[in-house]
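Here are my notes on this model. Please read them with the structure open.

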Amino acid sequence: MSQFPPRVFSGVQPTGNLHLGNYLGAIRKFVALQDNNDCMYCVVDMHAITAQLVQGDLIGQTRSIAAAFIASGIDAKKHIVFNQSTVPEHAELAWIFNCVARIGWMNRMTQFKDKAGKDREQASLGLYAYPSLMAADILVYRGTHVPVGDDQKQHLELARDIAMKFNLDFAEKIRASGHGIDITVGDEPVHALFPMVEPLIDGPAPRVMSLRDGTKKMSKSDPSDLSRVNLMDDAETISKKIRKAKTDPDGLPSEIEGLAGRPEADNLVGIFAALSDRTKADVLAEFGGQQFSVFKPALVDLAVTVLAPITAEMRRLMDDTSHIDAILKDGGERARARAAETMAMVREVVGFLR
């Protein structure tokens, strides 16, 4: 049996200000993964128009995400940093995947239900088909691993379903083309053009929650700016937000079990653990039995120490966008070369006359 060459792919949408949740849940993982993997990190600007067609400054937001990638430590020379719309093969493969995916699969996607709300008839077709484009984003490079938050795991499962159905529907043509790889899915041997992508979900804070409500995810769209720490916040603003973060009247427990039923406490401990590369158990061993009046200042100091250099570098890069634009242009060209190889195989297998 052969294997698909390991390749990490992930993307961030250029909508709103990047916040601590984006950094801990995604970008920090991107940086760690680049040491031992072939990585591609994408600003998914085509996804940005699925929920809101007319954007105020999509170009500026795209540059901001790229700046965050670079400021956080991603090496754009060793790996590939690019924006999605520069590689039209994403859209081409997404259309083919729209014809592979089933309506019933799309109807099960909970994020569409959440984002569309009660008036789903008024939601765009793009928002409904978003997971199909996400599958194309990954599989046009035959990506094998995707670092994501747990809220995106369902979309990755759909990407696996799409890849598997394509592989099975075109099994004979894939084998005849000579492009496939023999893999095993469960106990079933499959001659596959596309890999079964795997999510990379780990760390003490894979999902960072709102500072105002520990039951809700930290979000760019929350109307309260106090609900999140933005990557562009200065030290004073970070201090204010963390000190005002909602807590309960009890002190911190000494064991993880003591965080049960205390979402705000669990969230702050998780943030501290993630920022310090420790476990929640380690943090509680240090702060267990102490009040939030002691813990919050320590969290402020840690957050400022970690985020201040990133913020400063992001601001420097955004003051002269030519460097960011050059990185995205180079990355787009290298990404398209890879995507073109995949699409040439897909067109042959599907039977498009060229």
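1. Is Arg 142 buried or exposed? Arg 142 is buried, because its relative accessible area is 17% (buried means under 20%, exposed over 50%, partly exposed in between, with a 1.4 Å probe and protein chains only). Arg 142 sits in the loop between H8 and E4. Its phi is positive, about 50°, although Arg 142 is not a glycine. Helices are DSSP runs of H or I with at least four residues, strands are runs of E with at least two, and both are numbered from the N terminus.

2. Ground rules. This is a predicted model, where local features need pLDDT of at least 70, side-chain atom pairs count only at pLDDT 80 or more, and totals for chains, interfaces and linings use all residues. Residues are numbered from 1 along each chain as its sequence is written, and side-chain values use heavy atoms, with hydrogens and water left out.

3. Asp 277 also has a positive phi, near 55°, and is a residue other than glycine. Asp 277 lies in the loop between helix H12 (263–275) and helix H13 (280–287). At 62% relative accessibility, Asp 277 counts as exposed.

4. The largest pocket has a volume of about 1,400 Å³. Its lining holds 47 residues, and Gln 13, Lys 115, Asp 151, Gln 152 and Lys 217 lie nearest the centre. Elements that give two or more residues to this lining are strand E1 (8–12), helix H1 (20–33), helix H2 (45–48), helix H6 (110–116), helix H8 (130–139) and strand E4 (145–147). On terms: the search uses a 1 Å grid over the protein atoms alone, and a pocket is an open set of points where a 1.4 Å probe fits, with protein on both sides within 12 Å along at least five of seven lines. Lining residues have an atom within 4 Å of a point. Grid points are joined across faces, edges and corners, and a volume is the space filled by probe spheres set on the points.

5. Asp 137 is in helix H8. An unreviewed UniProt entry annotates Asp 137 as "binding site". UniProt positions follow the numbering used here, feature names are shortened, and annotations may be inferred rather than shown by experiment. Asp 137 counts as buried, at 2% relative accessibility. Beyond its neighbours within four places in sequence, Asp 137 contacts Phe 9, Val 44, His 47, Gln 84 and His 90 (contact means heavy atoms within 4.5 Å).

6. The unreviewed UniProt entry also lists residues 14–22 as "short sequence motif: 'HIGH' region". That span is 33% helix and 0% strand, and its end C-alpha atoms lie 11 Å apart.

7. Strand E2 (residues 39–43) pairs with E3 in the parallel sense, over four bridges (pairing needs at least two bridges found by DSSP). Tyr 41 stands opposite Val 81 in E3. From strand E3 (residues 80–83), Ile 80 and Phe 82 point one way, Val 81 and Asn 83 the other way, and all are buried.

8. Leu 328 lies in helix H15 (residues 322–350). Leu 328 is buried, with a relative accessible area of 6%. Not counting residues up to four places away in sequence, Leu 328 touches Thr 62, Ala 66, Val 81, Phe 82 and Asn 83. The C-alpha atoms of Leu 328 and Lys 115 are separated by 29 Å.

9. The length of H15 checks out: its 29 residues should span 42 Å at 1.5 Å a residue, and its end C-alpha atoms are 40 Å apart, which agrees. The expected span is 1.5 Å times one less than the number of residues. Just after H15, Gly 351 takes a positive phi of about 105°.
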